[in-house]
Amino acid sequence: MADLMWSRELETISRDELHALQSERLVKLVKRVYDNVPFYRNKMDVAGVKPEDIHGVEDIVLLPFTEKKDLRDNYPFGLFAAPQSEIVRIHASSGTTGKPTVAGYTKNDLENWTDLVARGLTCAGITKNDTVHIAYGYGLFTGGLGAHYGAERTGAAVIPVSGGNTQRQLMLLRDFKPTAILCTPSYALNLADAMEKAGMSTDEIALRVGVFGAEPWTDEMRARLQEKLHIDARDIYGLTEMMGPGVAMECFEKNGLHIWEDHFLPEIIGENLKPLPDGTEGELVFTTLTKEGMPLIRYRTHDLTLLDDTPCSCGRTHRRMKRVHARSDDMLIIRGVNVFPSQIEHAILQVPGVTPEYQLIVERKGNLDTLEVQVELDRNMMSDTVRDLENLQKRIQMQLASDVLISCQVKLCTPGSLPRSEGKAKRIIDKRNL
Ligand code: DLL
């Protein structure tokens, strides 16, 4: 089955042609950063690599990695490769600690970004006949403006509502009848809950597709969102350092996200930092192939995934990455067991009667780590007896013990009591001060 495509020629390019294009772009890029960015010149000199050593994609392994710390050390503009007069936009991502990660864009960068988001939204089935409600935050965060220009380019009508003010969002969903919604999956859930609370039925809205990203989410969460909002929910991936949303996008197969490899060269590395073959999970590393403002070479994302090079029935030839279920730095080690929040989300959503709203409280009591999983009850569980609730609590505990191999406290919370986010959800409260 052929899918709707924004640029069929580029999306179905043969692997050989893609490889040649990537090689040509990489060679140019390395020369440019060596000539223009002292940071890269020093790093390559220390590693004993010269631009002339890079002849194509295979030589990528000769180049040193770039780390988030390098961005921080060169804050704010030290890694820019274009003069200030060529920079036309600056975005930043507020990390949990310290200085934000900054990205600068030239006119061409914005042009490419807009085009790639349009490519992604088309892949999600969005066309000029759609009205797109954008509830990603506008501002320094890349979600809002990135999605905005891409959606506009498809010819769709854009509602730039940004995040927050949930009641107003409900009013717009009902009155303007957007057919697509773009926001974080946790905020989409928040909107669905608010609709339920307000007694608003899905018959009053016209959504048919949701494009969700900026944070990990599970297939169980997808099922809930699809059911609650009557939509087709698709995953979009990106990061400020590459540009923002639109680096990779899920097609109708929902079996991994196509990485737009004509612009981003992905690698997967293991703990020893050696490249891993397709199909093996590890850390995702990206090299930007076309960025002018702030190109990055072998940037370690800390996102964990694998690359899938098997053909996709949608016809796109760009490799897929498995949905990012976790960042390596989100991994909790509880009494020696490695735990990712998404594993907990997956486990608790196996148990009927709870919502996908949860929070993890980690503490150290004496020498022992303790984990409390706070889960919100479904509204219709509130009428159940204490005995029923105790049973539910036990079932969640057993599910966690069998799926995640940890014993933990489970606290059932009343519907609506856990803090809601308007952007990325904050799932972990780690009180251990490690
Ligand atoms: O979150 C860009 C974005 C905006 C992507 C809107 C998609 C939609 P940052 O704030 O720099 O940029 O955060 C990037 O968020 O390294 C991942 O850890 C995580 N992330 C982004 N998309 C997904 C996704 C934006 N679909 C970091 N699934 C990345 C899982 C995601 N994690």
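Helix H10 (residues 341-348) is largely enclosed by the rest of the structure, because six of its eight residues are buried; buried here means under 20% relative accessible area, with exposed over 50% and partly exposed in between (1.4 Å probe, protein chains only). Helices (H or I, at least four residues) and strands (E, at least two) are DSSP runs, numbered from the N terminus. This is a predicted model, so to speak of local features a pLDDT of at least 70 is needed, side-chain atom pairs count only at pLDDT 80 or more, and totals for chains, interfaces and linings use all residues. Residues are numbered from 1 along each chain as its sequence is written, and side-chain values use heavy atoms, with hydrogens and water left out.

The buried set in H10 is made up of Pro341, Ser342, Ile344, Glu345, Ala347 and Ile348. Their cover includes H9, strand E17 (337-339), E18, strand E19 (368-377), helix H11 (386-403) and strand E21 (428-430). One of these covering elements, E18 (residues 354-365), holds Thr355. Thr355 counts as buried because its relative accessibility is 11%. Leaving out residues up to four places away in sequence, Thr355 touches Arg224, Leu349, Val375, Glu376, Leu377 and Asp378, where contact means heavy atoms within 4.5 Å.

Now to the domains. The protein chain splits into domain 1 (1-329) and domain 2 (331-430), with bounds that come from an automatic or database domain assignment. Taken over C-alpha atoms, the two centres sit 30 Å apart. On the domain 1 side 26 residues are in contact with 20 residues of domain 2. About 1,800 Å² is buried between domain 1 and domain 2, and carbon and sulfur atoms give 49% of that area; buried area is the accessible area (1.4 Å probe) that two parts lose on being put together, summed over both. Within domain 1, the residues that lose the most area to domain 2 are Thr218, Glu220 and Arg224, which together make up 27% of what that side buries.

Glu196 forms a salt bridge with Arg379, and the closest N and O atoms of the pair are 4.0 Å apart. Between domain 1 and domain 2 there are 13 residue pairs in polar contact (both at pLDDT 80 or more). A polar contact is a pair of N or O atoms within 3.5 Å; within protein, one must be able to donate a hydrogen and the other to accept it, and residues adjacent in sequence count only if both atoms are side-chain atoms. Helix H8 (185-197), helix H9 (219-229) and strand E15 (326-327) are the elements that give two or more residues to the side of domain 1 that touches domain 2. H8 gives the most to that side, with seven residues.

Ser162 lies in the loop between strand E4 (157-159) and helix H7 (166-175), and counts as buried because its relative accessibility is 17%. Neighbours within four places in sequence aside, Ser162 is in contact with Ile134, Ala135, Tyr136, Gly137, Tyr138 and Gln169. Gly98, in the loop between strand E1 (87-93) and strand E2 (101-106), counts as exposed because its relative accessibility is 71%.

Conventions
A salt bridge is a side-chain nitrogen of Lys or Arg within 4 Å of a carboxyl oxygen of Asp or Glu.
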